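Q: I'd like to learn how to read helix packing and a metal site in a model like this one. Can you walk me through it?

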Amino acid sequence: MPEPLRILLVEDEPAIADAVVWSLGQEGFQVAWASTIADGLARLSDGIRLVLLDVGLPDGSGLDACREIRRRHPALPVVFLSARGSETDKVVGLEIGGDDYVVKPFSPRELVARVRARLRDRSAGEPAPMDAPEARIWNPCRETEFERDPAGRRFRFRGAELVLTPAETRILENLVAQPGRILSRSELLERALGEDSPSLERTIDAHMKTLRSKLRDIAPDADPIETRRGFGYAARRSA
Ligand code: CA
């Protein structure tokens, strides 16, 4: 039997927590439940593969908790659970590094589907042990300065590995798949985040900003992504 995947649930309403623990448990996941941000952060160990995070918590906002989780584990998927379904909350949640957003009340089936989708994004992105031969093989991405690992979910730029959030990874994947082609924000939103609301387009700009700053950390002079102001982005073709 493979080890069950561990998920951290930070939720202060016991009825919702019970339902989540039960439905994910039915699917073979192991859920650690915390009812406060402090407790959640304390349980945030390396064994956790995904975080389900309520927005309104007794000791603060899940949005702030997400920033802290991002700081400690940049690539760990975070899915918000919230009663607030307004686009503004959704934008804020995605901008500060959340990977998905499930609005309460949600069906167990919807929740399980979202969890599986976000784990799929991530599953091939687990760092390979450094002594494994495959950890040393990187494939150049056609016509760009990026390289990918054989599983295709980790990127290197000019020889340095990028530590990306799942959303940044999906955006970059879409750009390098068609070097030189400008993808509009709405195309990127749909392909990378599975959203199609025009009001969410600025979340793409926010992800691009963090992606760019990670690229600049590697090479301050590099500008491998072209911006078409007010429209979209493209992976620049290398010379
Ligand atoms: Ca709550």
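Q: Let's start with a helix pair. Which residues in α4 meet which residues in α8?
A: First, bear in mind that this is a predicted model. On the α4 side you'll find Val91, Leu94 and Glu95, and they meet Arg202, Thr203, Ala206 and His207 in α8.

Q: How do I describe the way two helices pack?
A: The general idea is that you give the angle between the two axes and the distance between them. For helix α4 (residues 87-95) and α8, the axes come within 9 Å and cross at roughly 15°. That makes α4 roughly parallel to α8, and their crossing is right-handed.

Q: What about α6 and α7: at what angle do their axes cross?
A: Here the axes cross at roughly 120° and come within 9 Å. The crossing in which α6 passes α7 is right-handed. The α6 side of the contact consists of Ala167, Arg170, Ile171, Asn174 and Leu175, and the α7 side of Leu188, Arg191, Ala192 and Leu193.

Q: Which residues of α7 are buried?
A: Read burial from the relative accessible area: under 20% counts as buried. In helix α7 (residues 185-193), that picks out Arg185, Leu188, Leu189, Ala192 and Leu193. Look down the axis of α7 and these buried residues fall within an arc of 105°, so they line one face of the helix.

Q: On to the metal. Which protein donors does the calcium ion have?
A: The calcium ion has Asp12 (OD), Asp54 (OD) and Gly56 (O), which lie 2.1 to 2.4 Å from it. Along the chain, their spacing is D-x41-D-x1-G. Asp12 is in the loop between β1 (6-10) and α1 (14-26), while Asp54 is in strand β3 (residues 48-54), so the pair ties together parts that are 42 residues apart in sequence.

Q: Is Asp54 buried or exposed?
A: Asp54 is buried, at a relative accessible area of 4%. Asp12, on the other hand, is partly exposed, with 28%.

Key:
Residues are numbered from 1 along each chain as its sequence is written. This is a predicted model: local features need pLDDT of at least 70, side-chain atom pairs count only at pLDDT 80 or more; totals for chains, interfaces and linings use all residues. Side-chain values use heavy atoms; hydrogens and water are left out. Donors are N, O and S atoms within 2.8 Å of the metal (3.2 Å for Na, K and Ca); water is not among the atoms, so sites may look incomplete. Helices (H or I, at least four residues) and strands (E, at least two) are DSSP runs, numbered from the N terminus. Buried means under 20% relative accessible area, exposed over 50%, partly exposed in between (1.4 Å probe, protein chains only). The arc is that of the directions from the helix axis to the C-beta atoms. Axes are lines fitted to C-alpha atoms, for helices over the stretch in contact, and angles run from 0 to 180 degrees between N-to-C directions. A crossing is left-handed if the near helix is turned anticlockwise from the far one by less than a right angle, and right-handed if clockwise. Contact means heavy atoms within 4.5 Å. Angles under 35 degrees count as roughly parallel, over 145 as roughly antiparallel, 65 to 115 as roughly perpendicular and the rest as oblique.
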